[in-house]
Amino acid sequence: MSEIREKIQQVIVDEPVVLFMKGTPQRAMCGNSTLALEALRRAGAPVTAVDILPDAHIRQELSALSGWPTIPQIFIRGELIGGADITEELAESGELEEKLESALGAGYRSDPAEKTVAVV
Amino acid sequence: MLGAAVGAQRRDDGGGRLAEEDVELGGDGRLRHACSLTAMERLDGLLRQAFPDASEVSVVDRMGTGDHFQVVVASPRFDGLSLVGQHRLVYDALAEPLADGAIHELRIKTKGSQ
């Protein structure tokens, strides 16, 4: 299981914005995951999505790392932002864009690439 | 005899309501409390226990399926904490139902003592 944990850690550190979700951006399998994805998209974030469904250990290792018990989980530059509710609240208040700007630079919107990465 | 009720207790849960519990003998020979509280009442109770000075606690069964919940908590315990910190306190309070699968999906709204 430490292999999964290492890969999770790597993604969180390497990728600017990470969304651990149920399903993929093309085929989301959970309401909260969709909410978080949409909020990030509206803010123009470059989302790296990780599907936690392929292996039960992904969620286990992730929660052990982050101390957060539910999915989705959103990280910006390695910092846990929270789940769907927090991401939405930040998006509404404009704080999400502020966080993205300060973490990724003012021009982050110019490259809103979206991709999916596997950890198993 | 499996599942035989060995007695009933009425317990004051501190909120002025009495919760009826059946104490029964489980299949493994150990005594279990078969709680007649609904999932919503259970979550409500846990939140009120964790946030005794809350000015607002509400639990809504969002989809009527008994496992997708929207909880709102307003409490001075949240003052000065980040949103992550505030939600973590709610997760701590609901650790049991989260662990035993009673909650499939949870939405949280926290407010401080404004």
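This is a predicted model: local features need pLDDT of at least 70, side-chain atom pairs count only at pLDDT 80 or more; totals for chains, interfaces and linings use all residues.
1. Next, the overall make-up of chain A. The chain has five helices and five strands, and their order along the sequence is α-β-α-β-α-β-β-α-α-β. Its radius of gyration is 13 Å, close to the 14 Å that the globule rule gives for 120 residues, so chain A is as compact as a globular protein of that length. Along the principal axes, the C-alpha atoms fill a box of roughly 40 × 25 × 25 Å.

2. Burial and contacts in chain A can be read together. Of its 120 residues, 48% count as buried. Among contacts between residues at least 6 apart in sequence, 67% join residues at least 24 apart. The accessible surface comes to about 5,600 Å², and carbon and sulfur atoms account for 47% of that area. As for charge, chain A carries 11 positive and 19 negative side chains, with the centres of the two sets 4 Å apart.

3. Chain B has three helices and six strands. From the N terminus on, these elements run β-β-β-α-β-β-α-α-β. Of the 114 residues of chain B, 33% count as buried. For contacts with a separation of 6 or more, residues 24 or more positions apart account for 43%. Chain B exposes about 6,600 Å², of which carbon and sulfur atoms supply 51%.

4. In soluble globular proteins, nonpolar side chains tend to be buried together. Here the largest nonpolar core holds 55 residues, and those touching the most other members are A:Phe20, A:Leu100 and B:Leu47. Helix H2 of chain B (residues 83-93) gives the most to this core, with six residues. Beyond four places in sequence, A:Phe20 touches residues including A:Ile8, A:Ile12, A:Val50, A:Ile52 and A:Leu62. A:Ile71, A:Pro72, A:Gln73 and A:Phe75 are also among the residues that A:Phe20 touches.

5. How many of the 11 residues of H2(B) are buried? The number is nine, so the helix is largely enclosed by the rest of the structure. The buried residues are B:Leu83, B:Val84, B:Gly85, B:Gln86, B:His87, B:Leu89, B:Val90, B:Tyr91 and B:Ala93. Their cover includes strand E4 (79-82) and helix H4 (84-93) of chain A. From chain B, the cover includes helix H1 (39-50), strand E5 (68-74), helix H3 (95-99) and strand E6 (105-111).

6. Helix H4 of chain A also packs across the two chains. Its buried residues are A:Ala84, A:Asp85, A:Ile86, A:Thr87 and A:Leu90. They pack against H2, E3, E4 and H5 of chain A, together with H2 and E6 of chain B. Just after this helix, A:Gly94 takes a positive phi of about 90°.

7. A:Asn32 lies in helix H2 of chain A, residues 31-42. With 4% relative accessibility, A:Asn32 counts as buried, because the limit for that class is under 20%. Apart from residues up to four places away in sequence, A:Asn32 touches A:Ile71, A:Pro72 and A:Ala84 in chain A, and B:Glu105, B:Leu106 and B:Arg107 in chain B.

8. Two backbone features deserve a check. Most residues other than glycine have a negative phi, and most peptide bonds are trans. The bond from A:Ile71 to A:Pro72 is cis, with omega near 10°. A:Pro72 sits in the loop between helix H3 (56-66) and strand E3 (73-76) of chain A. A:Arg77 is not a glycine, yet has a positive phi of about 45°. A:Arg77 is placed in the loop between E3 and E4 of chain A, and its relative accessible area of 48% makes it partly exposed.

Notes:
Residues are numbered from 1 along each chain as its sequence is written. Chains are lettered from A and ligands numbered from 1 in the order in which they are written. Side-chain values use heavy atoms; hydrogens and water are left out. Helices (H or I, at least four residues) and strands (E, at least two) are DSSP runs, numbered from the N terminus. The radius of gyration is taken over C-alpha atoms; the globule rule is 2.2 Å times the number of residues to the power 0.38. Buried means under 20% relative accessible area, exposed over 50%, partly exposed in between (1.4 Å probe, protein chains only). Contact means heavy atoms within 4.5 Å. Accessible areas come from the Shrake-Rupley method with a 1.4 Å probe; for residues, only the protein chains shown count as cover. Lys and Arg count as positive and Asp and Glu as negative; His and the chain ends are not counted. The place of a charge is taken as NZ of Lys, CZ of Arg, CG of Asp or CD of Glu. A nonpolar core is a set of buried Ala, Val, Leu, Ile, Met, Phe, Trp, Tyr and Cys residues joined through side-chain atoms within 4.5 Å.
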